[in-house]
Structure formats: C-alpha cells, structure tokens
Amino acid sequence: MEVFSKKRIGWLMLTAMVLAVSCSDRDAGRMASVSRIPVWSEDTCRYIDNKDKTDFWGKYSEASLFREKYILVKTAESNPKFGYAGRDGKFIIAPVYKQATVFSQGLAWVVKRGEAPSVINKKGELKFTLREAHHVRQFCEGLAAYSVHSGNGFLWGFVNTSGETVIAPAFQRVEDFSFGRAAVMNGDGKWGYIDRQGELVIDCRYDEARSFHRENRAIVGVNGLYGVIDAKGDGVVATEYTAMRPDGKWLLVERNKKWGWCSEAGETVIDPRFEQASCFYGASLAPVRIGQKWAYINRKGKVKIKRQFDRALPFVGKLAAVWAGNRIGFIDEKGHYVINPQYDKISDDYISNAQDGVSCYSRVVTDRPHR
C-alpha cells in the first residue's frame with residue numbers, strides 16, 4: 001500500500017500496525033459538512049479539501065469519510081484488505097480485515113478471513129467476538145443489532161458494547177435503536193416498536209416500519225402506502241404516499257410516481273411534480289430530476305440552478321457533488337463550479353452520507369462457515 005502526502009512528495013510505504021476497526025456513526029446522524037472528500041483520478045484516491053487541494057493520496061480501492069478522526073480504506077492489491085488510517089493517510093490499524101465498519105462510539109466491527117465478527121477499539125485491541133452471529137450492524141445508542149441462524153432463516157437481537165446480549169434474538173427483522181426505540185418484525189411479518197429492555201411499546205400492526213427520525217415521529221407503511229406515527233403509535237400523517245423519507249421537519253414524498261414535499265402535519269408544501277428528488281437536509285436547495293437532467297430547487301419549489309446535470313447529490317456543507325457525463329465536480333449554491341468536473345469516482349461513503357445520512361460501511365457478515 002502506498003500513499004502520497006502533501007508534506008512529502010513521492011511514494012511512501014505505509015507501515016502496517018495491528019488490527020483494524022470499522023463502524024458507522026449514526027448516533028451523530030448525517031455529517032452536515034466534510035473537510036476532506038475522497039475522490040479518484042484513474043486508480044489513485046485523493047483526499048481533497050473544499051478548494052480542490054490534495055491533502056494526501058494513495059492506492060485505495062475504497063475509502064470512507066473521516067469518522068471519529070479515522071478513515072476506513074481498502075487496499076488495491078490482488079488480495080485487498082480493510083484497515084484504518086489517520087489524518088496523514090498513514091495506517092494506524094493495519095489492513096488485515098476482509099470486512100470492517102467505520103468507527104461508532106469508539107468501536108468498530110471487523111471480520112478476518114474464516115472468522116466471526118469481532119469488536120475492536122481505536123487502538124485495534126480486540127474487545128469481544130460474537131461467534132454465533134451472522135449479520136452484525138453498527139452500534140447505535142450503545143446497542144448493535146445482530147442475527148443468528150434459525151431454521152431456514154435468521155432471528156435478530158441486540159448486544160451491548162460489552163458483548164452482552166441484552167435483547168435475545170427473537171425477531172424476523174429489526175431496525176437500529178433511535179430515541180430509545182427500535183422497529184421490529186414479528187413472526188407474522190408485522191412491525192412494531194420495542195424499548196431498550198425489549199418490551200413492546202407499540203404493537204406489531206404495520207407492514208413496514210422505520211426508525212424514529214425524531215423523538216416522536218416515525219414512518220410506517222400499510223398496504224404499500226406510507227404515513228407517520230407519534231411515540232404512542234397514533235397517526236400524524238395519513239398513509240397515502242407510495243414512498244416517504246424524513247427531511248428535517250418536512251417529508252419527501254411520492255404520489256402518482258412524482259416527488260414533492262409535505263409538512264409533518266401532512267400539508268403539501270411543494271407539489272409532487274418531479275421525476276426524482278433528494279432531501280434538503282437543512283440546506284436552502286435540493287436536487288430534483290426534471291426530464292433526463294437534474295436541477296436544484298429552493299424551499300418554494302422554484303428552480304434556482306437550471307437542469308443540466310446527469311446526476312446530483314444534496315449539499316454537504318457549502319458544496320454539492322454533480323456529474324457532467326461521467327466526470328464529477330462540485331458546485332456552490334449559485335450553481336458555479338468550485339471544483340471542475342474532473343474526477344472519475346467519488347467515495348460511496350460520501351454518496352451514502354449525502355443522500356441517506358449514514359455510512360455505507362455500517363455492517364459486516366460472518367466469514368465463519370455455518371455448521
């Protein structure tokens with residue numbers, strides 16, 4: 001593995017240290033600004049700032065955003081492995097993992113070849129291993145969802161940061177904890193919500209259910225339509241939309257195959273008229289697709305940056321990533337290029353954070369053979 005640093009021109013051999021970590025920082029939610037962006041020119045990954053100045057670069061096949069001062073990177077060799085690097089791009093935890101998450105709450109899940117998921121700290125020290133776990137997800141509010149084999153499928157439960165199972169695997173599916181509750185699916189395929197003790201606090205009566213996006217608001221689905229409930233399970237927004245996503249105190253909604261926005265009271269604020277759309281996420285502009293091109297609208301639904309992009313992401317800080325053909329650049333809120341479209345690829349972690357508010361490196365699967 002090789003890395004370039006702005007402080008030293010030329011190839012630098014990265015010293016392998018011991019063990020790596022990975023876990024997604026969902027408790028902090030979406031990263032509203034990013035100081036270093038991982039982009040690729042051909043096979044070289046560069047971490048650039050908001051003015052296109054390269055901080056360091058290396059031969060990574062994958063690379064995350066900085067989370068808890070670490071980046072998760074995957075080597076580009078014939079037998080690639082995940083490891084963790086610091087601000088200068090040098091490895092702090094050696095690339096020895098087949099799978100890994102970004103750090104969350106100082107911990108990360110990692111999987112070595114032929115082994116079960118383990119948790120490490122930021123020194124790369126092994127904390128515990130879940131030997132019977134198949135799927136494992138990042139820690140959220142001190143608990144991580146995990147599954148175990150059961151018959152022809154899986155059952156899900158939760159483990160704490162000490163490796164103790166606090167909610168035994170008993171659910172067909174689960175979402176992560178948020179505001180002290182987690183959505184769970186029972187054996188009949190219906191969703192409800194449990195508290196941190198595993199007690200059902202909202203009955204399993206929904207066809208779909210998502211994590212609470214605010215303390216008293218969660219999106220649920222019934223018969224293919226979506227609405228919003230409060231902390232008691234009472235309806236706040238009627239289940240009348242074919243798709244729905246939280247967007248601050250608004251909701252991004254789909255009706256009749258068109259996208260728009262409504263308030264949390266269910267009142268339309270921007271008519272559903274766009275082929276596709278992404279969230280505002282606190283910015284003054286949001287990307288929408290009109291015909292075959294993407295534009296940006298303001299909160300009154302007026303086009304402020306004309307349709308011209310082949311793909312467009314929500315703003316992260318003062319910049320938004322856009323595609324001109326296959327080239328990626330970054331614009332400001334006036335639609336001016338701050339970084340010209342010149343890059344071949346941008347980190348999947350940047351895209352996941354910009355679009356969904358989470359890391360794409362948030363789960364691992366055992367590499368241990370099932371017996």
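A charge sits over a ring if NZ of Lys or CZ of Arg is within 6 Å of the ring centre and within 35 degrees of the ring normal. Lys345 meets that rule: its charged end sits over the ring of Trp40, 4.3 Å from the centre. The charged end of Arg87 sits over the ring of Phe66, also 4.3 Å from the ring centre.

Before going on, some ground rules. This is a predicted model, where local features need pLDDT of at least 70 and side-chain atom pairs count only at pLDDT 80 or more, while totals for chains, interfaces and linings use all residues. Residues are numbered from 1 along each chain as its sequence is written, and side-chain values use heavy atoms, with hydrogens and water left out.

Now the aromatic rings. Rings of Phe, Tyr and Trp (for Trp, the six-membered ring) pair if their centres lie within 6.5 Å; planes under 30 degrees apart are stacked, over 60 edge-to-face, and the rest tilted. The structure holds 15 aromatic pairs. One of them joins Tyr193 and Phe212, edge-to-face, at 5.0 Å centre to centre with 65° between the planes. Tyr193 lies in strand β20 (residues 191–194) and Phe212 in the loop between β22 and β23 (218–222), so the pair ties together parts 19 residues apart in sequence. Strands here are DSSP runs of E, at least two residues, numbered from the N terminus.

Are these two residues buried or exposed? Buried means under 20% relative accessible area, exposed over 50%, partly exposed in between, with a 1.4 Å probe and protein chains only. Tyr193 is buried at 0%, and Phe212 is buried at 3%. Elsewhere, Phe66 forms one aromatic cluster with Tyr47 and Phe56.

On a 1 Å grid over the protein atoms alone, a pocket is an open set of points where a 1.4 Å probe fits, with protein on both sides within 12 Å along at least five of seven lines; lining residues have an atom within 4 Å of a point. The largest pocket has a volume of about 1,100 Å³, a volume being the space filled by probe spheres set on the points. Of its 34 lining residues, the closest to the centre are Phe212, His213, Pro246, Asp356 and Val358. Strand β26 gives the largest share of that lining, four residues. The second largest pocket has a volume of about 190 Å³, and its lining includes Arg131, His149 and Arg371.
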